Amino acid sequence: MFVRTLLLNCGPMVHFSSADALSPPNYENTVSPIGKGIIIEKDRIIKIGESSELESEYGTQSGHRIIDLNGRAIIPGLIDAHSHLLWSGDRSQEVRWRLEGKSYRDIGAMGGGIQSTVNSTRQASTEHLHQEGYIRLREALRSGTTHMEVKSGYGLDTETELKLLDVISRLGSDGDLPSLDPTWMGAHDVPHGMNHGDYMDALMGEQLPAIVEQGIARSADVFCEPGWFSLENSEDILRASRSSGLELRMHIDEFESSGGGALAAELKVQTADHAYHTPLDERLNMKDAGVLTGFLPGTPYAMGDTWPNMDQIHTHNIPYTLATDFNPNCQTLSLPFIASLMVQRCKVQPLEVLAAMTVTAAQSTPHPNGEHGIIKEGGLANLNILDSPHWESFCLKPSHSPFSATVLNGSFIAH
Ligand SMILES: [Zn+2]
């Protein structure tokens, strides 16, 4: 066991420690020149300085692990601010039905869609779900994710929602895996065989109290779309959740504009995600209310839809995060792939993309042990070492991980 880890001869380092996360980051104030070193003790960065000086101060002491980065670039640990990590089953055959023109509803009527995942997840044992989650989180870590928001929502009954959150809690406390930010999303859909009113009663009267008593979920999330949970339903669930001590998140305007942005602003939720069809006035209200927008470009990539309108986002300086939305229809756990979509298809600058999955993502997906999404003295030692002298390479390898190593809570993990 090493007392300290010394990372020496770093290449350019994107640290975000002096950037205003709600503004476009300033390059000069955000990227350190080459030649820095980092000293890590336990799970913290205790010192950043000139590599040669740190080497002469610490390098001769025993019990230190010294790693020469040889000019490789460094970026913060990536934060996946929206995922549905845990579910069981396999709906791969649905891709053929979608290409034949079948809608989300048609596929549901054919026995596919979310209800198929719900059935498999209800039947899965805790051990099986844990194993699936473990494999997925190892994959995410390989792609540089050090922290992930994870929603329940494939149980849609109290017993299975509690089971999912229990597995999320176990996975999140495994020090070899990315840490997790648990969210209850019982309002993901209405289960088959139950009418909408009865499920609303079950959510408010039974599921929410049980989730609060279990004490694992930090936030509640609602699928606020016409045909799923209306504005009124969403407001009822969110207000009750807030009264019970939960933070709030929303899924809005994925299929059409339906007022979700206005409700997100009114309730000052932490983040309102998807938000592809949100009108400008609602975006501006969200910005004024301090509500982040979470863009999930893996979903339009997988479903063949259009990308978010980034011109409007840039013109009005709308703060946003980027995440994978990992789910049965969008099975990517790679934030570098999401970054590639934004940079190589949507023409967004790599520094802005990186901020959206690090320093800004930390605002909606905080770490329980301290500051993350940045590289600074006193902050958590969560960072990625690129297999390149250029930090920009993080978004240029969509097919495989751009990282040679990840530091996770102070532990150096060579890939
Ligand atoms: Zn989602």
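Modeller: Two strands pair if DSSP finds at least two bridges between them. Strands (E, at least two residues) and helices (H or I, at least four) are DSSP runs, numbered from the N terminus. This is a predicted model: local features need pLDDT of at least 70, side-chain atom pairs count only at pLDDT 80 or more, and totals for chains, interfaces and linings use all residues. Residues are numbered from 1 along each chain as its sequence is written.

Colleague: How do you know that strand E10 and strand E11 pair?

Modeller: Three bridges join E10 (residues 179-187) to E11 (residues 219-224). At least two are needed. So they pair, and they run parallel. Ala187 stands opposite Val222 in E11.

Colleague: What makes E8 and E15 edge strands?

Modeller: The open sheet has eight strands in the order E8-E9-E10-E11-E12-E13-E14-E15. E8 (78-80) and E15 (320-322) each have a single partner strand, so one side of each is left without a neighbour in the sheet.

Colleague: Why is H6 called oblique to H7?

Modeller: The axes of H6 (residues 126-142) and H7 (residues 158-172) cross at roughly 45°. Axes are lines fitted to C-alpha atoms, for helices over the stretch in contact, and angles run from 0 to 180 degrees between N-to-C directions. Under 35 degrees is roughly parallel, over 145 roughly antiparallel, 65 to 115 roughly perpendicular, and the rest oblique. H6 is therefore oblique to H7.

Colleague: Which strands does H7 lie across?

Modeller: H7 lies across E9 (145-151) and E10, running at about 170° to E10.

Methods: Contact = placed C-beta atoms within 7 Å.
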